[in-house]
Amino acid sequence: MNVPFVSFKPLEKELDSQLRAAFDRVLENSWYIDGKEDKAFEDAFAIYCDTKYCVGCGNGLDALMLALKALDIHEGDEVIVPSNTFIATALAVTYVGATPVFVEPDIRTYNIDPAKIEEKITRKTKAIMPVHLYGLPCDMDPIMDIAKKHGLYVIEDCAQAHGATYKGKVIGSFGDAAGFSFYPGKNLGALGDAGATVTNNEELAKKVRALGSYGSDYKYHHIYKGNNSRLDELQAAFLAAKLPLMDKVNENRRAIANRYMAGITNPLITLPYVPEYAVPVWHLFSVRTEKRDELAQHLADKGIGTNKHYPIPMHLQDCYKDLNIPKGALPIAEEISATQLSLPMFYGMTEEQVDYVIDAVNSF
């Protein structure tokens with residue numbers, strides 16, 4: 001049996017008529033930027049995130065960068081980010097001229113450890129950017145308390161956690177703003193690149209929108225030195241077609257994760273940890289083992305796809321050599337990078353596929 005790491009086919013098949021209708025609508029209207037499809041999706045996604053405003057943009061990186069820029073974070077400032085995440089989180093900080101300051105994760109959750117944040121705060125610190133990694137919410141209460149104590153902004157990176165909840169409250173609704181990615185592989189994925197910033201602050205939403213449209217509040221009137229990053233009508237229409245199935249998609253992923261958690265018993269494998277405060281959406285099902293590469297090869301030999309998230313931590317990437325953070329300085333991020341492996345996880349996996357993966361992992 002072959003089990004891909006991810007497949008879009010089950011969901012696309014289920015939504016075939018809605019996706020084709022969305023395409024036909026956009027083509028028929030001949031309106032491709034800043035139209036009614038975009039507004040309809042933004043309104044619906046804001047409601048889904050329990051926020052007042054949603055501003056579509058080109059991708060998840062831009063969603064974070066535009067929020068930082070709108071909060072006037074710039075050169076000379078510092079933003080606290082987790083040491084264990086996809087590089088887009090740090091790049092968003094870099095792109096506004098600020099410096100990312102890495103804080104180690106909790107080894108159990110892989111998310112930023114609130115207990116380690118305050119020691120990294122300086123007079124230059126302007127914000128904290130927690131990442132709800134792999135679809136598991138961060139421990140937001142202490143993060144928000146620290147931010148309030150020190151007068152810092154909070155920008156949530158929700159790129160992998162559409163619909164996840166923390167103590168019953170949906171992520172993306174805690175901070176001053178939050179950035180989402182709709183990259184095709186996300187739980188809510190476009191048929192291309194797309195993203196959005198959500199917030200409860202009207203003025204911030206207006207500024208994000210202007211910054212993503214060349215800094216313009218109306219045509220040919222530019223109040224900021226902005227960017228070109230807008231959610232196009234076609235992707236908005238596709239996302240609007242998918243959004244009503246979001247809860248169903250997430251429940252399906254939870255069912256798969258529950259089967260993995262109950263069925264994988266190999267003592268060489270460390271399974272994910274889910275705190276009581278969190279209801280994750282399992283963008284990834286991430287395990288750890290000291291024999292990561294051997295496990296990946298073992299599964300590949302059985303026709304099972306896997307992925308490593310992320311094999312080189314950010315502070316050891318060539319692009320961040322200028323931060324002068326040596327190997328060994330962030331040992332938890334480095335340990336996760338060397339031991340993490342993601343198993344197949346996608347909407348529509350069959351019971352036979354899940355059982356096959358479980359048996360293969362247990363036979364390692």
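## Nonpolar cores

The largest nonpolar core in this predicted model holds 35 residues; such a core is a set of buried Ala, Val, Leu, Ile, Met, Phe, Trp, Tyr and Cys residues joined through side-chain atoms within 4.5 Å. Buried here stands for under 20% relative accessible area, exposed for over 50%, and partly exposed for values in between, with a 1.4 Å probe and protein chains only. Phe41, Phe45, Phe180, Phe182, Leu188 and Leu239 have the most contacts inside the core. At least two core residues each come from helices H2 (16–29), H3 (36–48), H8 (233–242) and H9 (246–263) and from strands E8 (177–181) and E9 (195–199). H8 gives the largest share, 5 residues. Helices (H or I, at least four residues) and strands (E, at least two) are DSSP runs numbered from the N terminus.

Not counting residues up to four places away in sequence, Phe45 touches Cys54, His162, Phe180, Phe182, Leu188, Val198 and Leu243; contact means heavy atoms within 4.5 Å. Another core lies apart from the largest one and has 33 residues, among them Leu66, Leu68, Val208 and Tyr320.

## Surroundings of Gly56

Gly56 sits in strand E1 (residues 53–57) and is buried, at a relative accessible area of 8%. Beyond its neighbours within four places in sequence, Gly56 is in contact with Glu42, Gly195, Ala196, Ser229, Arg230 and Leu231. Asp38 is 18 residues apart from Gly56 along the chain, and their C-alpha atoms are separated by 7.3 Å.

## Whole chain

The chain contains 12 helices and 14 strands. Its C-alpha trace spans about 65 × 55 × 35 Å along the principal axes. Of the contacts with a separation of 6 or more, 71% join residues 24 or more positions apart.

## Burial and surface

Of the 364 residues, 55% count as buried. The chain exposes about 15,900 Å², and carbon and sulfur atoms supply 52% of that area (Shrake-Rupley method, 1.4 Å probe; for residues, only the protein chains shown count as cover).

## Basis of the values

Residues are numbered from 1 along each chain as its sequence is written, and side-chain values use heavy atoms, with hydrogens and water left out. Local features need pLDDT of at least 70 and side-chain atom pairs count only at pLDDT 80 or more, while totals for chains, interfaces and linings use all residues.
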